[in-house]
Amino acid sequence: MAPTYDVIVLGLGGMGSAAAHHLAARGARVLGLEKFGPVHHRGSSHGGSRITRQSYFEDPAYVPLLLRSYELYEQLERDTGREVATLCGGVMLGRPDSRTVGGSLASARQWDLPHEMLDAKEIRRRFPTLTPHDDEVALYEARAGLLRPENTVAAHVQLATQGGADLHFEEPVTRWEELPGGAGVRVHTHENTYTAGQLVICPGAWAPQLLTDLGVPFTIERQIMYWFAPDGGTAPYVPERHPIYIWEDAAGVQIYGFPAIDGPEGGAKVAFFRKGTVCTPETIDRTVYDHEVRAMADQLGPRLPTLPGRFLKAATCMYSNTPDEHFVITRHPAHPENVTVACGFSGHGFKFVPVVGEIVADLALTGTTPHPIDLFDPRRPAAAVA
Ligand SMILES: Cc1cc2nc3c(=O)[nH]c(=O)nc-3n(C[C@H](O)[C@H](O)[C@H](O)COP(=O)(O)OP(=O)(O)OC[C@H]3O[C@@H](n4cnc5c(N)ncnc54)[C@H](O)[C@@H]3O)c2cc1C
């Protein structure tokens with residue numbers, strides 16, 4: 001019997017919802033299966049805001065994907081009328097030889113991206129909330145800004161549904177296997193069994209349990225987002241006046257933050273870029289403790305003196321890290337005919353959500369993609385080193 005669907009997408013978070021949309025838009029018969037409801041707070045795609053930027057200190061190889069992702073985010077906004085991106089500008093701040101500044105500058109130069117270099121005096125003049133040391137500088141990028149993760153997922157779910165995809169929420173996949181003769185896959189849930197020509201796995205923090213045979217030692221990390229109400233009110237922090245920032249200190253610790261996007265009562269969000277604690281989706285401690293709030297406020301005090309005014313709230317989220325913090329996007333090496341995988345986004349995947357949807361659709365429907373994804377091969381040596 002021919003499979004019922006062309007493609008089954010496992011997981012409808014950031015990446016899976018984008019994949020479902022791009023697959024359905026190309027005419028594929030798509031079934032999406034999601035463990036929780038649409039747009040939930042138990043994975044990695046929530047918390048109101050995500051940074052987007054093109055000067056990419058992680059590796060210049062990401063830049064062409066970012067350029068495409070920017071186009072697709074604009075398209076998403078046009079197609080759904082939802083607000084998904086606010087390009088308020090961004091500063092990558094630290095000593096000139098820090099990874100944040102040096103790496104951003106190298107990728108901006110390599111790809112000829114518009115940017116400005118600001119010394120400490122100029123940073124203080126243009127952005128008076130920021131008080132850098134005299135030896136700190138910033139790369140300013142006018143096209144950096146913030147994305148709205150919940151709106152992005154909702155927009156992709158909406159377009160996938162409009163494109164004819166069947167999306168089933170609160171229906172976790174319990175197991176799957178390949179059909180005999182490479183004819184496709186069979187996917188099981190508590191309710192049902194489905195067949196499809198192709199399976200796309202976008203598991204977020206559930207990668208360690210769902211992709212044991214990939215050969216990549218993922219580390220799932222509990223991360224905290226904090227919201228503070230600045231002393232003197234949010235007026236200097238509104239996106240019309242305030243950039244996103246990533247700020248690396250002399251010890252290499254990065255904090256990042258956003259303008260105040262949720263009105264005078266909503267405060268401004270800040271976080272450590274890394275420094276998470278190892279967890280699993282089942283055992284993550286969702287309580288945020290006083291000492292954690294104090295550690296964040298201590299970081300902010302010298303750098304944005306008005307920001308730690310009043311602590312408002314905090315929330316947890318999960319990173320899915322690979323050893324080298326580069327993504328995994330590939331045909332599954334053990335099931336190359338029928339299975340595509342997108343995972344290990346290592347805390348920096350959201351800005352790529354729509355282009356990952358496009359790449360996954362390419363891989364599932366044609367077996368290959370014109371996008372440059374060599375860096376994301378799970379067989380790269382640095383992906384296997386724990
Ligand atoms: C605090 C924090 C800050 C971040 N900041 C940034 C940032 O500023 N910029 C940036 O670019 N990125 C950022 N990221 C990273 C980015 O948000 C993630 O890379 C991205 O959201 C990952 O999307 P995903 O689809 O892989 O995971 P998710 O959105 O979590 O989706 C995975 C889905 O799979 C589902 N699932 C799991 N198991 C099953 C199953 N058995 N059956 C069915 N469904 C299943 C889950 O329920 C979930 O919905 C941040 C992440 C966090 C946590």
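The buried residues of helix α5 are Pro149, Glu150, Thr152, Val153, Ala154, Ala155, His156, Val157, Leu159 and Ala160, where buried means under 20% relative accessible area, exposed over 50%, and partly exposed in between (1.4 Å probe, protein chains only). Because ten of the 14 residues of α5 are buried, the helix is largely enclosed by the rest of the structure. The model is predicted, so local features need pLDDT of at least 70 and side-chain atom pairs count only at pLDDT 80 or more, while totals for chains, interfaces and linings use all residues. Residues are numbered from 1 along each chain as its sequence is written, and side-chain values use heavy atoms, with hydrogens and water left out.

**Helix α5 and its surroundings**

- Helices (H or I, at least four residues) and strands (E, at least two) are DSSP runs, numbered from the N terminus.
- Helix α5 spans residues 149-162 and reaches 20 Å from its first C-alpha to its last, close to the 20 Å expected at 1.5 Å a residue; the expected span is 1.5 Å times one less than the number of residues.
- The cover over the buried residues of α5 includes the helices α1 (14-25), α2 (63-80) and α8 (353-366), together with the strands β3 (50-52), β8 (145-147) and β9 (166-168).
- Gly164 follows α5 and has a positive phi, near 100°.
- Gly81 is placed in the loop between α2 and β4 (85-86) and is exposed, with a relative accessible area of 67%.

**Annotated domain**

- An unreviewed UniProt entry carries the annotation "domain: FAD dependent oxidoreductase" for residues 6-363.
- UniProt positions are given in the numbering used here, feature names are shortened, and annotations may be inferred rather than shown by experiment.
- Over residues 6-363 the chain is 25% helix and 28% strand, and the end C-alpha atoms lie 13 Å apart.

**Ligand surroundings**

- The ligand is surrounded by 33 residues, and the closest are Glu34, His40, Ser45, Ile51 and Cys317; a residue is near a molecule or strand if one of its heavy atoms lies within 4 Å of it.
- A backbone N or O atom of Ser44 lies 2.9 Å from an oxygen atom of the ligand, and for His348 the corresponding distance is 3.3 Å.
- A polar backbone atom of Cys202 is 3.5 Å from an oxygen atom of the ligand.

- The unreviewed UniProt entry lists Cys317 for "modified residue: S-8alpha-FAD cysteine".
- Cys317 is located in strand β18 and counts as buried at 6% relative accessibility.
- Contact means heavy atoms within 4.5 Å; leaving out residues up to four places away in sequence, Cys317 touches Gly43, Ser44, His46, Arg50, Glu221, Arg222, Gln223, Met225, Ile284 and Arg286.
- Thr316 also lies in strand β18 and is buried, at 5% relative accessibility.
- The side chains of Thr316 and Arg286 are joined by a polar contact of 3.0 Å, that is, a pair of N or O atoms within 3.5 Å; within protein, one must be able to donate a hydrogen and the other to accept it, and residues adjacent in sequence count only if both atoms are side-chain atoms.
- Beyond its neighbours within four places in sequence, Thr316 has contacts that include His46, Asp285 and Val288.

**Cysteines and disulfides**

- A disulfide is a pair of cysteine sulfur atoms within 2.5 Å, and by this rule the count is zero.
- The sulfur of Cys88 is 19 Å from the closest cysteine sulfur, in Cys317, and is therefore too far away for a bond.
- Cys202 is in no disulfide either, as the nearest cysteine sulfur, that of Cys343, is 8.6 Å away.
- Cys88 counts as buried at 13% relative accessibility, and Cys202 counts as buried at 9%.

- Most residues other than glycine have a negative phi.
- Val39 has a positive phi, near 55°; Val39 lies in the loop between β2 (30-33) and β3 and is partly exposed at 28% relative accessibility.
- Glu325 has a positive phi of about 60°; Glu325 is in the loop between β18 (310-321) and β19 (328-331) and is partly exposed at 26% relative accessibility.
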